[in-house]
Amino acid sequence: MPKSGTRHQKRAATLLGNARRGFCGTVHAIEAQDVTSTLHPTELESRLIELGFVEGARIEVLHEGIIGRDPIAVRVDNNTVAVRRREAMAVVLG
C-alpha cells in the first residue's frame, strides 16, 4: 500500500516521439544513445540542439503525419519544425 504524504515520487519521463497532437511540455534532456536513427547519436544530438531542442525549451506538438503519425510538426519556443518520430524519441520532456 503506498504511503500517504510521499512527495518525492519519480515521474515517468515522456519522450517527444510518443507525444500526441496537442501535447505541451518542456525539454528536460536529449538522450540520443539508444535511438534508432540513420544518424550517429552525436550528430542527432547536435541537429536537435540546432533546431532548438535545448533544456527548458517549451514544446507543443502541432500536427502528425497521416501515415504512421510521422513526421510530427512541433513548436519549439517560437519556431515550428518537423521531425521524424524515431528521432524525436531522443527528446526527453518534463
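Q: Which residue forms a salt bridge with Arg-75?
A: In this predicted model, local features need pLDDT of at least 70, side-chain atom pairs count only at pLDDT 80 or more, and totals for chains, interfaces and linings use all residues. Residues are numbered from 1 along each chain as its sequence is written, and side-chain values use heavy atoms, leaving out hydrogens and water. A salt bridge is a side-chain nitrogen of Lys or Arg within 4 Å of a carboxyl oxygen of Asp or Glu. The closest N and O atoms are 3.5 Å apart here, and the partner of Arg-75 is Glu-60.

Q: How many residues apart are Arg-75 and Glu-60?
A: Helices (H or I, at least four residues) and strands (E, at least two) are DSSP runs, numbered from the N terminus. Arg-75 lies in strand 4 and Glu-60 in strand 3, so the pair links distant parts of the chain. The separation is 15 residues.

Q: Are Arg-85 and Glu-64 buried or exposed?
A: These two form a salt bridge, with closest N and O atoms 2.9 Å apart. Arg-85 belongs to helix 2 (residues 85-88) and Glu-64 to strand 3. Buried means under 20% relative accessible area, exposed over 50%, and partly exposed in between (1.4 Å probe, protein chains only). Both residues are buried.
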